[in-house]
Amino acid sequence: MPAVVVMGTQWGDEGKGKIVDYLAEKADVVARYQGGNNAGHTVVVEGKEFKLHLLPSGILYKGKTCVVGNGVVIDPEVMLREIKGMQEKGIDTSGLKVSNRAHVIMPYHRLLDEAEETYRGDHKIGTTKRGIGPCYMDKNSRCGIRVVDLLDEEEFSEKLKRNLEAKNHLLKAVYGVDGFDYETVRKEYLGYAEELRSYVCDTSATLNKAIKNGEKILFEGAQATMLDLDHGTYPYVTSSHPIAGGVCVGAGIGPTKINTVVGVVKAYTTRVGEGPFPTELFDEVGDHIREKGHEYGTTTGRPRRCGWLDACVVGYAGRLSGIDYMAITRLDILDELATLKICVGYKYKGAVMDEFPASLKVLAEVEAVYEELPGWQSDTTSIRDYKDLPLNARRYLERLSEVADIKLGIVSVGPGREQTIIMHEIFE
Ligand code: IMP
C-alpha cells in the first residue's frame, strides 16, 4: 500500500501544509521526518486558520496517527504549547506519536543560534533562531540529548550537566553572553518530560507496522530541496535533509517502502533568509506577488523575497528526489499579471549551464534565461477542473512540466481544501 512523500522543491514556503492537509484526509498515518519548529504551515479548515510548526498537519483530522520521527528536532516547550493550542480548539491529539530517538532542542541551542548569527555579521545565514542548527550540531558531534534521555531523570541530569558546562563556557568565552542555571533548566525540562511521556515511542516500529498492515502513510517534508544540507544552496541552508531521501533516515523506513514522491511547487519563487536567488524580482511585480500572496514568514514574520518561477530549481529538485508528480500551489496569486516569465536555464559567462551550480559564487552570478508567456488575467479561484483553467494558465503549467520534466498531479487555486484541482489521484 502506498507510502507517499510530499516535499518542497524550492526554498520552502511552497504551501506544503495545504497539499499535505488535502492528502492527509486519505492517509492513515502522517509523519514528519526532519526539521523542527523552523517550519510553519498555515492550513485553513472551514474558514478557521491553523498555524502548525512542529506537529504534522494530519493532526487536524480525527483518528489519524501523527508521527514526529527521529529525524525531527523537538523543542518540548513549543510542542506542548502546540498540543494545548490544538486541544483548546477541540482537536483530538491522542493519535500523536513522538520518536524516542528524536533530539531535543535545549535553551542553549536557541541562544547559540542567535549568538552565532550575530557573530557571522555580514555572513549571517538568516536562520529562524529556533536552535535548529546547534541542535543538529550536537546530534552530529554525539553529545545531543534525545527524547529517550529526557524521559530518564538520571540520564538527563547527567547529560545536561556535561552539556551545560561546555555550552555555558562557550557562550561566555566566545560570544560574551551569560549561560543557564543547571537546576532551573533541569526542573523545567523534567516537567516537559512528564507531559510528553505518553506520546513517546519507537516511531520507526510504528511506521513499519503500519506499512505492513497496508495502511496509507504520508510523509510530510518541512523546508525544501534548496535548503537541504547537502544539495541546497550551502551554507544558506537548514541543517537537515528535506529531500525524499531524508525520509528513510529521518523516519526509519527502507527506500523500497516509498511508492510516490510529490514535489510541491509554488507557481512563483520565494525565499527567506540570505543567499543567491537567480530569479529574484526587485520591482513592482515582486511587490505585487508579496502583497497578494501575503508572503511574510509564518514562523518569523519576515517579508519573503519574491521572484519568477525557476524551472531549473524545480528540475533539480525532481532529479534529487525522483519526484513523480508536481503539486502546484498558489496559481491564483498570478491571476492579474499581464505577462509571466519562467526561467528555463542559466547562463554563466555567456555559456548555458548543463548542471545546477554547486558554487554559490557562480549561482550569484548566473544570468537567468527566461521565456515570456502571456498571463490569463482572470480569476482562477473557483475552478475545480484542469480543463476549465484559462488556456494561458495551462500553457504556463505545461511549459513548467516540460522544462522540469515532471508530470502535473495537483493544482491549487486558493487556501481552502476545496480549491484544489486533481489531475492524478496520489493515493489510488
Ligand atoms: P534554520 O533552519 O532556522 O537553521 O535556518 C536556515 C535557513 O533555512 C534560513 O535561511 C531560514 O530562513 C531557512 N528556513 C528554515 N525553515 C524554513 C521554512 O520552513 N521555510 C522557508 N525557509 C526556512
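A polar contact is a pair of N or O atoms within 3.5 Å; within protein, one atom must be able to donate a hydrogen and the other to accept it, and residues adjacent in sequence count only if both atoms are side-chain atoms. The model here is a predicted one, with local features needing pLDDT of at least 70 and side-chain atom pairs pLDDT 80 or more, while totals for chains, interfaces and linings use all residues. Residues are numbered from 1 along each chain as its sequence is written, and side-chain values use heavy atoms, with hydrogens and water left out.

Let's start with the ligand. An oxygen atom of the ligand lies 3.3 Å from a polar backbone atom of Gly-126. On its own the ligand would expose 470 Å², and the protein buries 97% of that (areas by the Shrake-Rupley method with a 1.4 Å probe).

Who else is around? The ligand is surrounded by 16 residues, with Asp-13, Asn-38, Thr-128, Thr-238 and Arg-302 the closest (a residue counts if one of its heavy atoms lies within 4 Å). By class, this shell has six nonpolar, eight polar and two charged residues. Both domain 1 (3-91 + 202-422) and domain 2 (103-198) supply at least three residues to the shell, the domain bounds coming from an automatic or database assignment.

The structure holds one cavity of 30 Å³ or more, a cavity being a set of points on a 1 Å grid over the protein atoms alone where a 1.4 Å probe fits but cannot get out. The largest cavity has a volume of about 40 Å³. Its lining (residues with an atom within 4 Å of a point) includes Gly-58, Tyr-61, Lys-64 and Asp-92.

Key. Nonpolar A, V, L, I, M, F, W, Y, C, P; charged D, E, K, R; others polar. 1 Å grid on protein atoms, 1.4 Å probe; cavity = no way out; pocket = protein on both sides within 12 Å on 5 of 7 lines; lining within 4 Å. Points joined across faces, edges and corners; volume = space filled by probe spheres on them.
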